[in-house]
Amino acid sequence: MKTWFITGTSSGFGKELATIVARQSDTQLIAAARHTDDLAYLDVFDATRIEKVSIDVTNESQIKTGVAQAIQRFGTIDALVNNAGLGYFSTIEESDMAKVRYMFEVNVMGLANVTRAVLPTMRAHHAGVIINLSSALALTTLPTMVSYSATKYAVEGYSDTLRQEVKDLGFKL
């Protein structure tokens with residue numbers, strides 16, 4: 001059994017990926033979302049292979065609790081998918097900096113904090129895969145996409161560095 005930990009599973013790509021993983025008979029799923037009530041769609045699958053955890057990726061305490069809950073339930077995490085994210089679109093001049101900061105907290109710092117919480121179990125087992133979802137807008141940008149693109153550029157830089165740090169530890173990015 002491989003254990004997947006996926007953030008942002010209440011909607012969009014995270015929900016679709018969680019559904020695919022839940023359908024597999026050889027996987028266990030830790031589905032993370034701010035509100036576990038949003039994960040009712042998983043109730044049709046084998047509950048013995050699914051753990052729902054309430055995690056706001058901007059809350060380090062919730063992250064640590066959710067990762068500990070997952071490890072207690074399944075023993076390890078084999079695949080981490082950092083999917084949680086949001087967008088905010090505005091011109092540079094008109095940007096609401098509080099919204100921009102919050103987007104950085106979710107898209108960059110949330111990803112970094114979840115990764116930091118999961119790395120020790122992967123290191124202990126000398127195995128694992130980390131998938132950090134980014135965007136084509138990390139490679140280019142468009143008007144009104146400056147802040148979103150900046151978060152995705154940061155995710156790319158973070159991922160490149162992490163890949164170098166873990167290359168000899170038995171897991172992949």
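Predicted model: local features only at pLDDT ≥ 70, side-chain atom pairs only at ≥ 80, totals over all residues.

Biologist: Thanks! At what angle does helix α2 run to β3?

Modeller: Helix α2 covers residues 60-74 and lies across β1, β2 and β3. Its direction is compared with that of β3, and the angle is about 165°.

Biologist: Which strands are the edges of the sheet?

Modeller: Six strands form an open sheet with parallel pairing, in the order β3-β2-β1-β4-β5-β6. An edge strand pairs on one side only, and that holds for β3 (50-54) and β6 (171-172).

Biologist: Inside the sheet, which residue of β2 is the bridge partner of Phe-5?

Modeller: Strand β1 (residues 2-6) pairs with strand β2 (residues 27-33) in the parallel sense, over five bridges. The partner of Phe-5 in β2 is Ile-30.

Biologist: Which element gives the most residues to the largest nonpolar core?

Modeller: That core has 21 residues, and Phe-5 and Ile-77 touch the most other members. Elements giving two or more residues are β2, α2, α3 (97-125) and α4 (146-166). With five residues, the one that gives the most is α3.

Biologist: And how many residues are in the second, separate core?

Modeller: Among its members are Leu-17, Ala-18, Ala-33 and Leu-39. Helix α1 (residues 12-23) lies across β1, β2, β3 and β4 (79-82). The number of residues in this second core is 14.

Technical notes:
Residues numbered from 1 in each chain as written. Heavy atoms only, no water. Pairing = 2+ DSSP bridges. Helix = DSSP H or I, 4+ residues; strand = E, 2+ residues; numbered from the N terminus. Contact = heavy atoms within 4.5 Å. Axes fitted to C-alpha atoms, helices over the stretch in contact; angles between N-to-C directions. Core = buried A, V, L, I, M, F, W, Y, C linked by side-chain atoms within 4.5 Å. Buried < 20%, exposed > 50% of the residue type's maximum accessible area, 1.4 Å probe, protein only.
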